[in-house]
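Please look through the structure below together with this briefing, which takes its topics one at a time.

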Amino acid sequence: MRDWNVIVSVYDGGFRRAFQFLQTLGTVAKSGFFNVLVMKVDDIPAFLEAVLEHGAADPDLFSRSISRIVPLTTTFVFQSPEEFETKAKEAVAPWTSVLGNQTFHIRMHRRGFAGRLSSQAEERFLDEFLLQRLEEAGTPGRIAFADPDFIIAVETLGPQAGLSLWRREDLQRYPFLKVD
């Protein structure tokens, strides 16, 4: 599936149950990476609420089948680290209006592009880009890893990437996000 907007990590032995549950909420497919599924959902807020409701009714789902679920609001395809950085900057730039005078950090989970794309280097690259933009706007932000106001999730599957911005309140409400 090339047009996914949700990535799901499953526990060993939990694949079948996770797949069956997720099929009730959207289109699900194998990603080509071990214990990683991708999904396409039409309404991310409704999806999050449905997962939250089901998790409350069936807590075993998240202790034995699904490790983490991360919806992504922006996705793109890239062929090189340089193209990744260009498109990732375009994706995060609009969030400067929300990140002004706030604490945040970037968390990247990379699958594929080993030796060509470094999660830590790309996190720093995007952190520095946003900090510079915020400073230029007169609304400086600050990187914080302990209880930040926001976390930007970056997920890659080979030459595909997705990004999303999560408020502290979102992360508390939806414990299955586990973007950090």
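Two rings of Phe, Tyr or Trp (for Trp, its six-membered ring) are counted as an aromatic pair if their centres lie within 6.5 Å; planes under 30 degrees apart are called stacked, those over 60 edge-to-face, and the rest tilted. By that rule, a search of the whole structure finds 7 aromatic pairs. The model is predicted, and local features need pLDDT of at least 70, side-chain atom pairs count only at pLDDT 80 or more, while totals for chains, interfaces and linings use all residues. Residues are numbered from 1 along each chain as its sequence is written, and side-chain values use heavy atoms, with hydrogens and water left out.

**Aromatic pairs**

- The ring centres of Phe 78 and Phe 113 are 4.9 Å apart and the ring planes stand at 50 degrees, so this pair is tilted.
- The pair links distant parts of the chain, 35 residues apart: Phe 78 is in the loop between strand S5 (74-77) and helix H4 (81-92), and Phe 113 is in the loop between strand S6 (103-111) and helix H6 (119-136). Helices (H or I, at least four residues) and strands (E, at least two) are DSSP runs, numbered from the N terminus.
- Both residues are classed by relative accessible area, where buried means under 20%, exposed means over 50% and partly exposed means in between (1.4 Å probe, protein chains only). Phe 78 is buried at 0%, and Phe 113 is buried at 15%.
- Tyr 174 and Phe 176 form a tilted pair, with ring centres 5.8 Å apart and planes at 55 degrees. Tyr 174 is buried, with a relative accessible area of 8%, and Phe 176 is buried as well, with 5%.
- One aromatic cluster is formed by Phe 76, Phe 78, Phe 84 and Phe 113.

**The sheet and its helices**

- An open sheet is formed by 4 strands in the order S2-S3-S1-S4, with antiparallel pairing; two strands pair if DSSP finds at least two bridges between them.
- The edges of the sheet are strand S2 (27-30) and strand S4 (66-71), each of which pairs on one side only.
- Strand S1 (residues 6-10) is joined to S4 by 5 bridges, and the two strands run antiparallel. Within this pairing, Val 8 has Ile 69 of S4 as its bridge partner.
- Helix H1 (residues 15-23) packs on the sheet and touches S1, S2, strand S3 (36-40) and S4, its direction making about 155 degrees with that of S2. Contact here means heavy atoms within 4.5 Å, and axes are lines fitted to C-alpha atoms, for helices over the stretch in contact, with angles from 0 to 180 degrees between N-to-C directions.
- Helix H2 (residues 44-57) lies across S1, S3 and S4, and runs at about 160 degrees to S4.

**Salt bridges**

- The structure holds 9 salt bridges, each being a side-chain nitrogen of Lys or Arg within 4 Å of a carboxyl oxygen of Asp or Glu.
- One of them joins the side chains of Arg 17 and Asp 58 at 2.4 Å, N to O. Arg 17 lies in helix H1 and Asp 58 in the loop between H2 and helix H3 (60-65), so the pair ties together parts that are 41 residues apart in sequence.
- Arg 107 forms a salt bridge with Glu 123, with the closest N and O atoms 3.3 Å apart; Arg 107 is in strand S6 and Glu 123 in helix H6, 16 residues apart. Glu 123 is buried, with a relative accessible area of 10%.
- Arg 168 and Asp 147 meet through their side chains in a salt bridge of 2.8 Å, N to O, and Asp 147 is exposed, with a relative accessible area of 51%.

**Nonpolar cores**

- A nonpolar core is a set of buried Ala, Val, Leu, Ile, Met, Phe, Trp, Tyr and Cys residues joined through side-chain atoms within 4.5 Å. The largest has 34 residues, of which Val 8, Leu 22, Met 39, Ile 66, Ile 69 and Phe 176 touch the most other members.
- Two or more residues of this core come from each of S1, H1, S2, S3, H2, H3, S4 and S8.
- Apart from this core lies another, of 24 residues, including Leu 117, Leu 134, Ile 152 and Ala 161.

**Backbone angles**

- Most residues other than glycine have a negative phi. Asn 101, which is not a glycine, has a positive phi of about 60 degrees, and Asn 101 is found in the loop between helix H5 (96-99) and S6.
- Phe 113 also has a positive phi, near 60 degrees.
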